[in-house]
Amino acid sequence: MKTLNFVVSLVSRDNDYQRAQAEAAKNAAARAGATLDVTFCGGDSIVQSQQLLDIVQSRLRSPQVNGIVVQPAGTGLQQVARAAAAAGMGWVLLHKRVDYMAEIRMKNSVPAFMLSSDHEEEGRIQARQVAALLPADNAVLCIIGPSTDSIAQMRLEGFKSELPPELQVLSIRGKWTDQSGYDAISSWLRLPTSRQQQIGIVACQNDAMAIGARRAVADLSDHTFRDKLLGLPFLGCDGLVDSGQAWVRKGLLRATVVIPVLAGLGVEMLARAIQTGEKPSEHTVVAPVSFPPIDQIKR
């Protein structure tokens, strides 16, 4: 049996979940006896598209690529997907649902499928964590991901759908990184209204932004205001064992949402599909869970 060669395209080295994706993909490739190249695009969807087009269009590349596993930084990469499939490369899309996948599967013999966590459920789980922790008549300060990222939008929709409509939710944007969480909270703290708002909890769409937000609060020179904010529950999402879950155990976060690390599973499913000729389902969804469980979260 010939050695399979895969490329995994991820968003940013600055995000611990993305680094975990890379490690899981490498381990899965090793188990499958495949070679693997991992690329990052620095969160830039244009850079990612060009990186992948260069791979697809390279006729001199050795070894030739049998399949691409990608977590998009922005759009669903429809044109790249069509080019990859036409060139005989499998196509696996992580954490994004697109309409074009059915067409790719119908017109090409290569494996093509989507693999994702339930992002709206991630938001609903975090909302249940908020409900377990938030004092009455307090507002929620949220750090959400980029406006161009569908994951951020789906998590926010799930989050708001589970909260009482009268609850005040204040949202500021981050970019999935520790530094962006730090910058987002720092900007909010500079607003004159920040000291007037009765914030009861800080809910962030990933653990890195939550830790960055907490670090920004810890740097406040006003110790009274600093200690008040540091006493609030900080919530995250991603829930990796060595970061999010570890931060919960240390008391830096009160809770997180554990998101399955899917790049390894994507590599495994792609390798199996190529080797056996059996096509996976068009879309496989893996469920997230609360850490700790909701019934163990108390004020």
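Predicted model: local features only at pLDDT ≥ 70, side-chain atom pairs only at ≥ 80, totals over all residues.
Q: Which residues touch the most other members of the largest nonpolar core?
A: Ile143 and Ile185 do. That core has 32 residues.

Q: Which elements give two or more residues to this core?
A: There are strands and helices on the list. The strands are β6 (139–144), β7 (169–173) and β8 (199–204). The helices are α6 (150–162), α7 (178–189), α8 (207–218), α9 (223–230) and α10 (244–250).

Q: And where does the largest share come from?
A: From α8, with 6 residues.

Q: What lies apart from this core?
A: Another core, of 27 residues. Leu4, Ala28, Ala34 and Ala263 are among them.

Q: Back to isoleucine 143. What is it in contact with, leaving aside neighbours within four places in sequence?
A: Its contacts include Ile172, Arg173 and Gly174. Ile185 is one of them too, and so are Ala203, Cys204 and Met209.

Q: Now isoleucine 211. Where is it found?
A: In helix α8.

Q: Buried or exposed?
A: Isoleucine 211 is buried, because its relative accessible area is 14% and the cut-off for buried is under 20%.

Q: What does isoleucine 211 touch, not counting residues up to four places away in sequence?
A: Asp178, Trp247, Leu252 and Leu253.

Q: How many Å separate the C-alpha atoms of isoleucine 211 and glycine 67?
A: They are 35 Å apart. Along the chain, the two residues are 144 residues apart.

Q: Switching to open space. How much of it lies in the largest pocket?
A: About 430 Å³. The pocket is lined by 26 residues. Val11, Pro146, Asp149, Lys175 and Trp176 are the closest to its centre.

Q: Which elements give two or more residues to that lining?
A: α1 (16–32) and α6.

Q: What about cavities? How many are there of 30 Å³ or more?
A: The count comes to 3. The largest cavity holds about 80 Å³ of space.

Q: Which residues lie nearest the centre of the largest cavity?
A: Gly123, Gln126, Arg155, Phe159 and Gln205. The lining has 13 residues. α5 (119–133), β6, α6 and β8 each supply at least two of the lining residues.

Q: Rings next. How many aromatic pairs does the structure hold?
A: It holds 0.

Q: What sits over the ring of phenylalanine 234?
A: The charged end of arginine 214. That end is 5.5 Å from the ring's centre.

Q: On to the backbone. Which residues does a cis peptide bond join?
A: Phenylalanine 291 and proline 292. Omega is about -5 degrees. Proline 292 lies in the segment after β12 (289–291).

Q: What is phi for aspartate 137?
A: About 65 degrees, a positive value, although aspartate 137 is not a glycine. Aspartate 137 sits in the loop between α5 and β6.

Q: And what is phi for aspartate 238?
A: Near 125 degrees, also a positive value. Aspartate 238 is in the loop between β9 (234–235) and α10.

Q: Is aspartate 137 buried or exposed?
A: Exposed, because its relative accessibility is 77% and the cut-off is over 50%.

Q: And aspartate 238, buried or exposed?
A: Buried, because its relative accessible area is 5%, which is under 20%.

How values were computed:
Residues numbered from 1 in each chain as written. Heavy atoms only, no water. Phe/Tyr/Trp six-rings, centres within 6.5 Å; stacked < 30°, edge-to-face > 60°. Lys NZ or Arg CZ within 6 Å of the ring centre and 35° of its normal. Core = buried A, V, L, I, M, F, W, Y, C linked by side-chain atoms within 4.5 Å. Buried < 20%, exposed > 50% of the residue type's maximum accessible area, 1.4 Å probe, protein only. Helix = DSSP H or I, 4+ residues; strand = E, 2+ residues; numbered from the N terminus. Contact = heavy atoms within 4.5 Å. 1 Å grid on protein atoms, 1.4 Å probe; cavity = no way out; pocket = protein on both sides within 12 Å on 5 of 7 lines; lining within 4 Å. Points joined across faces, edges and corners; volume = space filled by probe spheres on them.
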